[in-house]
Amino acid sequence: RCKNLSVSFWNSYWMLPSDVCGMNCFWEAAFRYDYMKTHPSEKMHLAVVACGERLEETVTMLRSAIIFSIKPLQFHIFAEDQLHKRFRDVLDDFPYEGKVNYTLYPITFPTESAAEWKKLFKPCASQRLFLPLILKNVDSLLYVDTDILFLRPVDDIWSFLRKFNSSQIAAMAPEHEEPRIGWYNRFARHPFYGVTGINSGVMLMNMTRIRRKYFKNDMTTVRLQWGEILMPLLKKYKLNITWGDQDLLNIMFFHNPESLYVFPCQWNYRPDHCIYGSNCKEAEEEGIFILHGNRGVYHDDKQPTFRAVYEAIKNYSFGGDLVHSLLQPLELELQKTTHTYCGRVYKVFIKQLTKSIKDLYDRRSKGR
């Protein structure tokens, strides 16, 4: 079992007391395993911010990351102080099989503006904006919201880092596929990226590039670095933004579109992709890769398809048979949701999951 708890003490700037599939799939898998052979010790860094009643949801997300991932994982968990012991109690009991470390951090914002950042959108949500400045020794990072579930290895979204061109610093998915139901293109009172904006619930970052970049902006002709641009953006747009830090990221990449890599909707699949009818073609073809249960759909009865996946992963016992203990019971539950729009396409919820389980068992059999 591998575990590592540390709480770092930052300098006085931070408010702290003081630290199946076709040939494309075949070649993708072959490339992934070849890369593993030549980069066996590469560690993937995953960050999440948890406040309030988000502990169970966060733990379920971490479980989904652990089940399928290949390379070692380093979790960076930013949480309110009262949640730290509960996180340790749960995570220290995980059978990590030697591939996972975690570090707990307090929630922290720049001292002189902490109150403003705390009340922006949801409590703690804007913490993600400061990750490049806090995790100074981390080169690349995958940030996810607490309501994310991985249905394929984290390794596969991590591999997008190698697809960045020389100007790209981050990757996100569009906020909407269908402009007729898009929020930003219909209601936003500020600049936003592309046609329908971007969603920051899954954000892959080359943080070394982020820290080095000078960003174009609409506040001054002088380009500003990440740590310089955040507060001026908030001051200018705080009366016009609805979704807090996500809106600020949209504004930033509106002015610097060359810096963003956009990945398809199946890497950030949300209720909007099916509640008005299916509108994520990539998921229809290959299944959902990352499920994002925003709007609290894991915890109410409005979208039982999303809730069924969440409950299945939450209740799965590590080491159990994934087919009989996870996949088959989940499919039975999903079949009960066909009275909803998302339930009508329930097979997209298990298509990739089925393949991920098969791939995992194939890897285990080859490793014997």
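A charge is taken to sit over a ring if NZ of Lys or CZ of Arg is within 6 Å of the ring centre and within 35 degrees of the ring normal. In the predicted model described here, the charged end of arginine 152 sits over the ring of phenylalanine 289, 4.2 Å from its centre. The charged end of lysine 213 is likewise placed over the ring of phenylalanine 215, at 5.6 Å from the centre. The model being predicted, local features need pLDDT of at least 70 and side-chain atom pairs count only at pLDDT 80 or more, while totals for chains, interfaces and linings use all residues. Residues are numbered from 1 along each chain as its sequence is written, and side-chain values use heavy atoms, with hydrogens and water left out.

Aromatic rings were considered next. Rings of Phe, Tyr and Trp (its six-membered ring) pair if their centres lie within 6.5 Å; planes under 30 degrees apart count as stacked, over 60 as edge-to-face and the rest as tilted. By this rule there are 19 aromatic pairs. One of these, between phenylalanine 160 and tryptophan 267, is edge-to-face, with 5.2 Å from centre to centre and 80° between the planes. The pair links distant parts of the chain, 107 residues apart: phenylalanine 160 belongs to the loop between α6 (154-158) and β6 (170-174), and tryptophan 267 to the loop between β8 (260-262) and α11 (281-286). Helices (H or I, at least four residues) and strands (E, at least two) are DSSP runs, numbered from the N terminus. Phenylalanine 160 is buried, at a relative accessible area of 6%, and tryptophan 267 is buried with a value of 6%; buried denotes under 20% relative accessible area, exposed over 50%, and partly exposed in between (1.4 Å probe, protein chains only). Phe160 and Trp267 form one aromatic cluster with Phe164, Tyr261, Phe263 and Phe289.

Strand β3 (residues 100-105) is mostly covered, six of its six residues being buried. Val100, Tyr102 and Leu104 lie on one side and Asn101, Thr103 and Tyr105 on the other. Strand β2 (residues 73-79) pairs with β3 in the parallel sense over six bridges, where pairing requires that DSSP find at least two bridges between the strands. Within this arrangement, histidine 76 stands opposite threonine 103 of β3.

Serine 140 is located in strand β4 (residues 140-144) and counts as buried at 8% relative accessibility. Leaving aside neighbours within four places in sequence, serine 140 is in contact (heavy atoms within 4.5 Å) with His45, Trp158, Leu161, Met205, Asn206 and Met207. Serine 140 and leucine 204, 64 residues apart in sequence, are 7.7 Å apart in space, C-alpha to C-alpha.

A nonpolar core is a set of buried Ala, Val, Leu, Ile, Met, Phe, Trp, Tyr and Cys residues joined through side-chain atoms within 4.5 Å. The largest has 45 residues, and those with the most contacts inside it are Trp117, Met205 and Phe253. Helix α9 (residues 226-237) contributes the largest share of this core, seven residues. Another core, of 41 residues, lies apart from it and has Ala50, Leu91, Ala173 and Leu204 among its members.

Helix α13 (residues 322-334) has Leu322, Leu326, Leu327, Leu330 and Leu334 as its buried residues. These pack against α2 (55-68), α12 (304-315) and α15 (347-367).
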